[in-house]
Every structure is written in structure tokens, then in C-alpha cells.
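Okay, thanks for making time, everyone. I'd like to walk you through one model today, so please have a look at this first.

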Amino acid sequence: MLDRRAVIGSGLTFAALTGAVAAAGPAIAAPRKRGDGMMTLDECVDSCIASHRMCLETARYCTEQGAPAHIEATHIALLLDCAELCQTTANSMLRRSPQHALLCDACARMCEACARDCAKISGDARMQACAQTCRDCAASCKEMASMGM
């Protein structure tokens, strides 16, 4: 563990720290399901929050890479849209909104689109991790949308 003063004093940047974490794999583990296989509300919220975080961090990562596939405007927009919808969906479930199933369905579709787009950038572990996180969120949201509240 790095001492905060040592990090600040050494001139390490947030990007350098997050790059090291990204190289080690996703910082957020995939949500676990209960033993009976049924998705819980909290598990779906956790999955949405994980996807929200991953998409924001990946958008930042992509802008730092500078490669044409990473910085396409439509790719960055999709990552940011996915992050926003994941956050909104998690918030709706936390509020026990009667409209949560509608948002979960939209979130599942958005996450599937984002996963497909990220998976296109082969040979990049960060992009593949983002794709997997989005696929996990899509599966959670599909199940939650079908269950209702």
C-alpha cells in the first residue's frame, strides 16, 4: 500500500495509478448471485454500479490511448451513455421506483451495445474487461427487468 504523502511527493499521477490497477484487471469483482440462482435487487444494483465505474474509467483510458479505435467519438459517447444509464438504473432500484423494469431493460440493451463495441478492440485487456463488465450488467438487468419488484 502506498503512503499518500509518498505518492504525492513522488509525482505519481492518478492516471499512472489507475493504469497500474487497470493492468491488474478490473477493480470491481462481478456481483455474486444467491445460492438459488435468483438475482437480488442489491446484486443488480452492484452490477450497475460496477458497470458505471468501469465505463467511466474506460472512457478516460481510451482518451489517454489516443489510438483511432479508442478515441472514436461514437465509442466514447457510448461508454459515457452506458455509464449514465447504469447509474440512473441503480438509483431507480435503490428508490424502489415502479419504473425500474423499464430502466433495467434499457440498461441491458445499452450495456450489450457497449460490450460489443468494446470487444471490437482486440488485444487490449482493459477493453475486454469493460466488455465483460457490461455483459454481466446486461444479464443482471435483463433478469431484474423480467422479475419486476
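I'll start with the overall fold, then go through the helix pairs, and finish with one cysteine.

A quick word on where this comes from. This is a predicted model, where local features need pLDDT of at least 70, side-chain atom pairs count only at pLDDT 80 or more, and totals for chains, interfaces and linings use all residues. Residues are numbered from 1 along each chain as its sequence is written, and side-chain values use heavy atoms, with hydrogens and water left out.

So, the overview. The protein chain has 7 helices and 0 strands, and along the sequence the pattern reads α-α-α-α-α-α-α. For anyone who wants the rule, helices (H or I, at least four residues) and strands (E, at least two) are DSSP runs, numbered from the N terminus. Of the 149 residues, 38% count as buried, where buried means under 20% relative accessible area, exposed over 50%, and partly exposed in between, with a 1.4 Å probe and protein chains only. Now contacts, meaning heavy atoms within 4.5 Å. Among those between residues at least 6 apart in sequence, 68% join residues at least 24 apart.

H3 has 25 residues and reaches 36 Å from its first C-alpha to its last, close to the 36 Å expected at 1.5 Å a residue. That expected span is 1.5 Å times one less than the number of residues. Just after H3, glycine 66 takes a positive phi of about 75°.

How do these helices pack? Two packed helices are described by the angle between their axes and the distance between the axes. Axes here are lines fitted to C-alpha atoms, for helices over the stretch in contact, and angles run from 0 to 180 degrees between N-to-C directions. H3 and H5 pack at about 155°, with their axes 8 Å apart. That makes H3 roughly antiparallel to H5; the cut-offs are under 35 degrees for roughly parallel, over 145 for roughly antiparallel, 65 to 115 for roughly perpendicular, and oblique for the rest. The contact of H3 with H5 has 18 nonpolar, 7 polar and no charged residues. In that scheme Ala, Val, Leu, Ile, Met, Phe, Trp, Tyr, Cys and Pro are nonpolar, Asp, Glu, Lys and Arg are charged, and the others, Gly among them, are polar.

What covers the buried residues of H5? The cover includes H3, H4 (68-71), H6 and H7. Among the buried residues of H5 are Ile76, Leu79, Cys82, Cys86 and Met93.

On to H5 and H6. In the loop between H5 and H6 you'll find arginine 96. Its phi is near 60°, a positive value in a residue other than glycine. For context, most residues other than glycine have a negative phi. H5 and H6 pack at about 150°, with their axes 9 Å apart. That makes H5 roughly antiparallel to H6. By class, the contact of H5 with H6 has 15 nonpolar, 5 polar and 2 charged residues.

Then there's H6 (residues 100-119) and H7 (residues 125-147), whose axes come within 7 Å and cross at roughly 155°. That makes H6 roughly antiparallel to H7. Cysteines turn up on both sides here: Cys104, Cys107 and Cys111 are among the H6 residues that meet H7, and the H7 residues include Cys134, Cys137 and Cys141. The contact of H6 with H7 has 18 nonpolar, 2 polar and 4 charged residues.

Last stop: cysteine 141, in helix H7. Is it buried or exposed? At 0% relative accessibility, cysteine 141 counts as buried. Leaving out residues up to four places away in sequence, cysteine 141 touches Cys44, Cys48, Thr89, Cys104, Cys107 and Ala108.
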